[in-house]
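Work through the exercises below with the sequence and the model side by side. Try each task before reading its solution.

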Amino acid sequence: MTDVARFTLPSGQQMAYRHLAGTSPTIIFLPGYMSDMAGGKAQAVLQWAREHGRGCLLLDYTGCGESDGDFADGRLSKWRDEIVGLIDHLGIGPVQLVGSSMGGWLMLLLAEALGERAKALVGIAPAPDFTEWGLSQSQRIELAAGRTIYEDNPYGPEPTPTHAGFFSDAERHKRLASGIAFDGPVRLIHGQADADVPWEISINLARALRSADVQVHLIKDGDHRLSRPADIALLLRELAGLAAGQDA
């Protein structure tokens with residue numbers, strides 16, 4: 001088991017992570033909204049990396065999981081910058097970003113920030129721009145006025161909050177309409193029974209990416225989590241395929 005380590009950020013807060021040394025590019029798993037590195041997909045990726053001698057980094061965003069901070073202070077740009085700081089601290093070179101749901105939006109911002117160090121992207125039910133298509137006009141008005149909104153949470157007893165600060169920051173980082181200047185291989189996996197992120201978002205993302213090497217895998221009965229054994233097996237096959245392509 002890779003032990004949880006802690007990285008002290010410039011703010012003084014500590015960010016929890018698990019780092020497995022191995023061959024490049026290092027796989028970095030980016031969890032979804034209010035999720036953490038303890039999830040089944042993240043753990044499966046870490047185990048696959050261990051079995052294949054690959055470098056791997058799991059992490060908890062500040063305000064999530066074992067990291068310090070308050071989720072209400074979370075921002076896409078803040079998490080992006082904190083992750084870049086962690087990558088630099090660990091001396092990680094080339095990376096392969098794997099983003100689940102909101103993590104699929106964050107991986108686009110990280111790819112921009114990392115430039116040539118970002119070699120490949122894998123999106124699992126990626127949710128870029130969800131503050132645009134995932135909220136009603138009345139919800140957007142509430143958030144723009146500085147108020148927190150709450151929605152039913154199908155995965156737990158407490159309602160899911162969206163904070164005004166997160167919304168304001170996210171609105172400045174929408175990418176589907178402007179295009180995404182990434183040229184490496186991209187693999188997108190999406191369930192057509194996803195009740196949270198329409199599968200058409202992956203099609204729109206494929207269109208927005210500049211890369212010609214983009215594949216979208218649709219799973220007809222797949223839900224948002226895509227955490228069934230068959231779903232995880234597909235994810236790991238994609239990681240293996242990308243590894244083979246980069247070794248060729």
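This is a predicted model: local features need pLDDT of at least 70, side-chain atom pairs count only at pLDDT 80 or more; totals for chains, interfaces and linings use all residues.

Residues are numbered from 1 along each chain as its sequence is written, and side-chain values use heavy atoms, with hydrogens and water left out.

**Exercise 1.** Find which residue forms a salt bridge with Asp88, and say where the two partners sit.

Solution. Begin with the criterion: a salt bridge is a side-chain nitrogen of Lys or Arg within 4 Å of a carboxyl oxygen of Asp or Glu. The partner is Arg117, with the closest N and O atoms 2.9 Å apart. Finally, consider exposure, where buried means under 20% relative accessible area, exposed over 50% and partly exposed in between (1.4 Å probe, protein chains only). Asp88 is partly exposed at 43%, and Arg117 is partly exposed at 26%.

**Exercise 2.** Decide whether Glu238 and Arg187, which meet in a salt bridge, are buried or exposed.

Solution. The N to O distance of this pair is 3.7 Å. Glu238 is in helix 8 (residues 229-247) and Arg187 is in strand 9 (residues 186-191), 51 residues apart. Glu238 counts as buried at 11% relative accessibility, and Arg187 is also buried, at 10%.

**Exercise 3.** Determine how many disulfides the structure holds, and examine Cys56 and Cys64.

Solution. A disulfide is a pair of cysteine sulfur atoms within 2.5 Å, and the structure holds 0 of them. For Cys56, the nearest cysteine sulfur is that of Cys64, 18 Å away, which is too far for a bond. Cys56 is buried, with a relative accessible area of 0%, and Cys64 is buried at 6%.

**Exercise 4.** State which residues the annotation "domain: AB hydrolase-1" covers, and describe that span.

Solution. According to the unreviewed UniProt entry, the annotation covers residues 27-232; UniProt positions are given in the numbering used here, feature names are shortened, and annotations may be inferred rather than shown by experiment. In the model, this span is 36% helix and 20% strand, and its end C-alpha atoms lie 15 Å apart.

Terms used:
Helices (H or I, at least four residues) and strands (E, at least two) are DSSP runs, numbered from the N terminus.
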